[in-house]
Amino acid sequence: MTKKKRPVIEREEVVVKFVGDSGDGMQLTGSMFSDVAAIVGNDLATFPDFPAEIRAPQNTVAGVSGFQVHMGSSKIYTTGDLVDVLVAMNPASLRSNLKWAKKGATILTDTDAYDDKTIEKAGYKQNPFTDSSLDSFNMVKAPITTLTKASLKDLGVDSKTAERSKNMFALGMLFYIFNRDLKSSFKYFEQKFKKKPELIEINKIVLQAGYNYADTIEALESVIQVSAANMEKGRYRNITGNVATAWGLLAAAEKSGRPLFLGSYPITPATEILMELSKHKSLGAKVFQAEDEIAGICSAIGASFAGSLACTTTSGPGLSLKSEAIGLAVITELPLVIVNVQRGGPSTGLPTKSEQSDLYQALFGRNGECPVIVIAASSSENCFYYAYMAAKLSMEHMTPTILLTDGYLGFGSALFRIPKMADMPAINPPLAEANDPDYKPYKRDPETLARQWAIPGTEGLRHRVGGLEKENVTGVVSTDPMNHQVMTTMRAQKVEKVADYIPDQAIDGSPEGDLLVVSWGGTYGAVHSAVSEMQKEGKSVSHAHFHYIMPLPKNTEKVLKSFKKIVVCELNSGQFVNYLRMKFPMPNISQFNKVQGLPFMINELTDKFNQLLEEK
Amino acid sequence: MDFINMTVERTNVQLTKADFESDQMVKWCPGCGGHAILSAVERVFPKIGYRKENFCMVSGIGCSSRFPYYVNTYGIHGIHGRAAAISTGVKIANPRLSVWTVTGDGDSLAIGGNHFIHVIRRNVDLNILLFNNQIYGLTKGQFSPTTPMGKVTKTSPMGTIEHPFNIGELVIGAQGTFFARVPDNNIALMTDCMFEAAKHDGTSVTEIMENCIIFADKAHAPVTGKDVKDETMLILKSGSPMVFGKNNEKGLILKDTMLEVVEIGKNGITIDDILVHDQYSQDPGIQLMLAKLAPPHFPMVFGVIRSAMYPTYDDLVEEQIKYAKETSKIKNVDDLLNSGDTWEI
């Protein structure tokens, strides 16, 4: 490989997006690119952006599949708003993604993919190369398909196989632009295609050809360099939010000594948790793919009664179906982790897009007074920790817990500093002891108000639980009015008491000031980035990001009262803000909302915050 | 008859009926068939010989589903229609429990129909006691999926216009491995069938034709009534010819592809011509025909119609876990966290 000296442009962060037809292999290309970034020490976050249909019509906007990588030499909090480098394999993907490209962005595209038919199918009136629509971008136009085929000519590869590897040509070009080494990708091919050695050769040749071609044409005048991030020392891996959630549950099962049971039904975007846990039978995980959402949660309730760390995973519509059963878990006071990977609603809504619109449902969406613990993860990697905490709180407090994540966290990936199990907090479920003469099904721990978990098979603890109201302490069926009042209060107080066991709400920035920005769940990255930008400008803005929602941390009111103005930002029409207003009626809480199936953009947040600071 | 699943721990003391009697008041109506079923369960549990702590009763909603409160075992009274799903979770979580699912015709065949067919298809090792009183009792008298067509109920003042399920046909159609049918007025037969159900590895469904004295009184009387039962009931015994009648003078034969009632001693028919019942046959062909028989042209058959050997879901779960544990490099969560692509910073 010839090494010419190119000028280097050092960038703190870069967003790269790979887009093409559903079958173009954009997910693989994107993840290979991000793997290399990780190896050189960049922090990163990725997000796959694919259509709800598996194979939508070729060369149409509906069929565009994408993979976005945000990498940096400092901590990366989001998957990136606007794109610095766009790799667009056909006209449809160019047209549908141009709006995400920064002014001056580099766009690499395959000119072979542009003919009258594909241009028309993409919805263009004329070839975009011939009008001025691309003038503000740095276009790298390459006949990628032709060059890919040419590079494989000597191997006698059929044209279909050759065409299929054009994504590797584009990746090779990109590696040149970012001055990345090809070795680790070669190693990857060797592992992936162990059983098809011919594919190792093909992919290596094409990747190298792309690299060399970019070198020859000097695709960019300079190298884009993103140096290694200054990250906390430790062992790292890349992880998606859904896998992290699955692993957090496995970790909690191991720590607590309670075997893991998952009862679930496939639903986008939560299915990966079910698939991931299905792989880990060696850790004793029992995974039951049920006939429907209701059977998923009901089997989990049965498993919980039988002494398992029982979980069910779903998304919004599935949570609706599980509502009645959540009530059963609440009244039987059994531990149960319900993971809701939120998507756009109502009904089927936007299955592959993200929203935070199930908060009301998590808090209130059941018959009767039916409190549960509600917590929310805020990044793909901390899904591990919050899944673990959901399990810990649920078991220790004998109360169902809803963990809210969302499609962006679930599908997105981030670097994960691998924890040691020895460092994870202890989990001590209140197990009843065999032949305890004082055992009563609803006798409570005075501190937590949790009842004991008496596991079937244990001698001397036979008892019945069920959906009918029970007498406090004895657990006998009771319709006594005063008892129902007592039990309703107990169930609510038991959840409130969890506040004694969770950390105080942290504030990012000064603990008092002009504006407090409040957020929760998957919007952390965008809101944090917006607030830090403004803090750097010297503005009096602080940020409180909530992970614990029911109950709220004990200092919540104090935090809110220390600021002149509060704005609560959510990807819904104002569910957390109204919950806060209900708990702490204060006139100075405003809100900023978006319900488009899209994450917050940093600039729309800073615009709003600046406006609030300026208003008197 | 004596071999009982060894997965469930056995007791080393002789248990009695008293070990399973609950201190709770039984609140079924006087004359309800539930009382006899409860009595049969209390009799059969000590006979089965498992530790009393290893029994777990699970129910849904309806009159039948109050059952767990009336026996002294571990128990969950669930929500409407979901007993089969809850039971599945209990059994998968701990295969060492003997799980008994108590349900009714509304609970299992209407609102819980989906769970019912799928638990059967999976052959989870559960014992389902399905109290079939052909009516919704707890909501005071609406028709159910087993109410005979044309029956006047509170929601069918002009008679129902729905075809009822035949439970045996549904069970076998859902790949069921065990089906028995018993009347609630024959405790000995009920006890025998429950014992057979316990013995069977896999989902057993025992349909108990239960009388609801308030809303569907004598619904089963045309079949199980003392005055008619000699002619209308055929009690099966595996390995024996299928005969009925006051003096066992009638029997079933297979003519071409259909069952037919014949009289022994007439037209040259002898006992040797009578079809012999095989509850263990894997092929459900004859068993399905038997399950569907009904007066007036045939007797209805009772006892164990089918108990075929197939692997159980819970055994296969355990087998896969055992194999994975033996062969996987990932032995604990630390191994998992550090598996695949990781790097040091």
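Predicted model: local features only at pLDDT ≥ 70, side-chain atom pairs only at ≥ 80, totals over all residues.
Me: What is the phi of N435(A), and what is the phi of L449(A)?

Reply: N435(A) is not a glycine, yet its phi is positive, about 60°. L449(A), also not a glycine, has a positive phi of about 70°. N435(A) lies in the loop between β16 (413-417) and β17 (464-466) of chain A, and L449(A) is placed in the loop between β16 and β17 as well.

Me: Is N435(A) buried or exposed, and is L449(A) buried or exposed?

Reply: The count of other C-beta atoms within 10 Å decides: 20 or more means buried, 12 or fewer means exposed. N435(A) has 10 such atoms and is therefore exposed. L449(A) has 21, so L449(A) is buried.

Me: Where does W453(A) lie, and which residues does W453(A) contact beyond its neighbours in sequence?

Reply: W453(A) is found in the loop between β16 and β17 of chain A. W453(A) is classed as buried because 20 C-beta neighbours fall inside 10 Å. Leaving aside neighbours within four places in sequence, the contacts of W453(A) are M398(A), P429(A), P430(A), L431(A) and A432(A). P430(A) is 23 residues from W453(A) along the chain, while their C-alpha atoms are separated by 5.9 Å.

Me: How do I describe the packing of α9(A) and α14(A)?

Reply: Two packed helices are described by the angle between their axes and the distance between the axes. Here α9 (residues 241-256) and α14 (residues 383-397) of chain A pack at about 40°, and their axes are 7 Å apart. The two helices are therefore oblique to each other. The crossing of α9(A) past α14(A) is right-handed. Among the residues that make this contact are G241(A), A244(A), W247(A) and L249(A) on α9(A), and F384(A), Y388(A), K392(A) and M395(A) on α14(A).

Me: How many residues of this helix contact are nonpolar, polar and charged?

Reply: The contact of α9(A) with α14(A) has 13 nonpolar residues, four polar and one charged.

Me: How do I read the contact of chain B with chain A, and how many residues take part?

Reply: Start with the residue counts, then ask which elements supply them. In this model 56 residues of chain A are in contact with 49 residues of chain B. On the chain B side, the elements that each supply at least two residues include β1 (55-59), β2 (74-77), α3 (83-93), α5 (113-122) and α11 (313-327). The largest share of that side, eight residues, is from α3(B). By class, the side of chain B that touches chain A divides into 22 nonpolar, 19 polar and eight charged residues.

Me: Which strands pair between the chains, and in what sense?

Reply: β17(A) pairs with β2(B) in the parallel sense, over three bridges. For V465(A), the bridge partner in β2(B) is I76(B).

Definitions and conventions: Residues numbered from 1 in each chain as written. Chains lettered and ligands numbered in written order. Helix = DSSP H or I, 4+ residues; strand = E, 2+ residues; numbered from the N terminus. Contact = placed C-beta atoms within 7 Å. Nonpolar A, V, L, I, M, F, W, Y, C, P; charged D, E, K, R; others polar. Pairing = 2+ DSSP bridges. Axes fitted to C-alpha atoms, helices over the stretch in contact; angles between N-to-C directions. Parallel < 35°, antiparallel > 145°, perpendicular 65-115°, else oblique. Left-handed = near helix turned anticlockwise from the far one by under 90°.
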